[in-house]
Amino acid sequence: MSAEQPAIAARGLGKRYRIGTYLPYGGTLRGWMGDLLGGRRTAAPSPDSVSKFLWALKDIDLEIPAGAVIGIVGRNGVGKSTLLKILSRITDPTEGTAELHGKVASLLEVGTGFHGELTGRENIYLNGAISGMTRAEVDRRFDEIVAFSELEQFLDTPVKRYSSGMYVRLGFAVAAHLDPDILLVDEVLAVGDLSFQRRCLNHMNDVARTGRTVLFVSHQMTAIRRLCTRTIWLEAGRIRDFGPTGDVVARYEAESLGSQAPGESGSHADLTYKARYLGWKREGAADENAHSVSDLDPVALRLKLDVREPVAAGYGGIEIFDPEDKLIWSGASYDGGRGDLALAPGTYGLVYTLPMLPLKPGAYKLHASFYEREGRRLLDDWWASPELIVSLPPSSHSQDEWQGILNLPCDLRVERE
Amino acid sequence: MTEATRPLDVTRIRARSGWEALDLRELWSRRELLWFLAWRDIRVRYKQMVLGAGWAVLQPFIQMVVFTVVFGELLQVPTEDGIPYTLYSFTALVPWSLFAAVLAGTASSLTANAGILNKVYFPRLLIPLASAAARLVDFGIAFVILLGMVPAFGIGLTPNALWVPLFLLLLLACALGVGLWLSAVNVYLRDVQILLPFLVQLWQYASPVIYSAREIPDGWRILYYGLNPMAGVLVGFRWSLLGTPAPGPEIWISVAATALVFLTGTMMFLRVQRTMVDIL
């Protein structure tokens, strides 16, 4: 592959969507037919109709060298998936051009085209064909696909009887054996059980090392850090930052929890919400370890909650999940008979203080929700970013299988009785 | 990378406007997918049915029985050359069933496959083509029964039967053409889905299925064949299999109308497919 030719080159890509229910041209059949038959509409859009469009993506210029593994990060709705959809030709851009050199495969969903009535074996062929494999290619790699999925005994069972985990395994197994030059991956690794997720990630790692060009969208910063050399940070449909993964992810994480940054308010100003979590930090800790725990001192988790409209009676919940996704602690604002919260508009810090967090080293997920008492209406449901890093030195048994959940040093006295 | 000599495919993406030609090379390169999609349709359709492919025969057969009783016996609808009404109607019902199924399948093909269309790219035309191909299997079964029925009713098959594939082609082009038009419109206006059964029903009455095209007054023929290409198809089927009078020069009006519908339908489809997932 010639080094000077980029695998992906995009110039001025933009995508405009109509928001709200789609009633073409105000619902008039005549206007719609006129557009279809007569090419572009000649009449200038009225100011009123302009406001009903949303640029999901705007002015995207990209040059990605062959063999690069690029991460794409950003909050929900900033155009990450739209970018992948345009590059994989699922939909046309509204403006701009892109050129891709090499065979392109996209993995926007696991098991696209699976049919419940068909067996695992049949679906492997169908899904392979839909994703761009020839029958001969599927034949050749069939055994590998089956081995990867670990579903040998269920190959002749209709997929509708599969558990969701099995379904995902089969879908990813096929996807893992596509042989593209350019692979576009949307947030698909976040499904399935943890050991399988890890295997997928390892597989992606292998793919990345074989010189393939990969674009990888994810909300899991650990995955991005592990796989991608460079990362694109998308915000409100534009590229906010593009550089070495470490730097970009650090800046992205810092901002998504920091005080309402200008960019953030810009991209969300038009969204109406009653209450939303903006970020978290460990109270009383220095900046560099505002999100980590390295001792057995009390830990005060300060969640920043932005309240837009008055909440007469509300309550919040918080959970910590370990790296295996097991819930290890949960708390709520009303625990211990504290009652509901009445919050006027403004920004609040909800501080949950724990006497200590004696956990094994690792990245723990923090999840928080906020409800309105009336109707138990969910106002926000939030996976904290960055994750909580525990770096306590391990005090437990050195052998893996004897490591428990708690990481607590203990004393020993020996007395003769 | 793999073989360094392999030339890389180049994908160009841009905002397209206006009409464009069909990329036949791309379509051909994904022909395997056509078979897989058709095979999926067939598998899924018959997998949970006791009668399975038996329905392919039963559907036109039941209609034939009803028609024979109602139109042949009660209303005494005349046939041509003294051919029994049962055979006369079945000869038209077999191709008509195919037409109706392909038309309906094509018209709803985009909306029915929205999930796939939203997640992966392949030439979109493969979806309606595959659903049509799947229907051909049903037709094949019913057609074999029809071929058996003709001599059973004492009519000798002639070399004219070799013309059937041409009429079949005309039928498919017409069903796909109209179906592609409707599928494109259906993306924007789902009303099409509800109107479709009525359309098929009306179209059947407007076609020489129950009656003979002979009944059409001379002055109306050009309009009849021009507006309804299925008239030429059905007259053609009866001529090649039953030896009834051959289609007149009006058949060329049907051919021209079909070509027009097929061409515009395909263009319309190609145009809508570019951004239809934004709406689907």
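Select strand β3 (residues 69-73) of chain A together with β7(A): 4 bridges join the two strands, which run parallel. Keep in mind that this is a predicted model. Now pick A:I72; its bridge partner in β7(A) is A:V217.

Click A:I182 and look across to A:T213 in β7(A), which stands opposite.

Stay on β7(A) and colour residues 213-217 of chain A. Is this strand enclosed or open? Of its 5 residues, 5 are buried, so the strand is largely enclosed by the rest of the structure. Check each face. On one side sit A:T213, A:L215 and A:V217, and on the other A:V214 and A:F216; all are buried.

Zoom out to chain A. Colour domain 1 as 6-40 + 50-252 and domain 2 as 272-390. Their centres, taken over C-alpha atoms, are 32 Å apart.

Now show chain B. The contact between the chains draws 45 residues from chain A and 34 residues from chain B. On the chain A side, select α1 (29-38), α3 (80-87), β4 (95-101), β5 (104-107) and α4 (120-130); each supplies at least two residues. Which element gives the largest share? That is β4(A), with 7 residues. Colour this side of chain A by class: 19 residues are nonpolar, 15 polar and 11 charged.

Finish on β4(A). Select strand β1 (residues 10-14) of chain B with it: the two run antiparallel, joined by 5 bridges.

Methods. Residues numbered from 1 in each chain as written. Chains lettered and ligands numbered in written order. Predicted model: local features only at pLDDT ≥ 70, side-chain atom pairs only at ≥ 80, totals over all residues. Domains from an automatic or database assignment. Contact = placed C-beta atoms within 7 Å. Nonpolar A, V, L, I, M, F, W, Y, C, P; charged D, E, K, R; others polar. Pairing = 2+ DSSP bridges. Buried ≥ 20, exposed ≤ 12 C-beta atoms within 10 Å, placed from the backbone.
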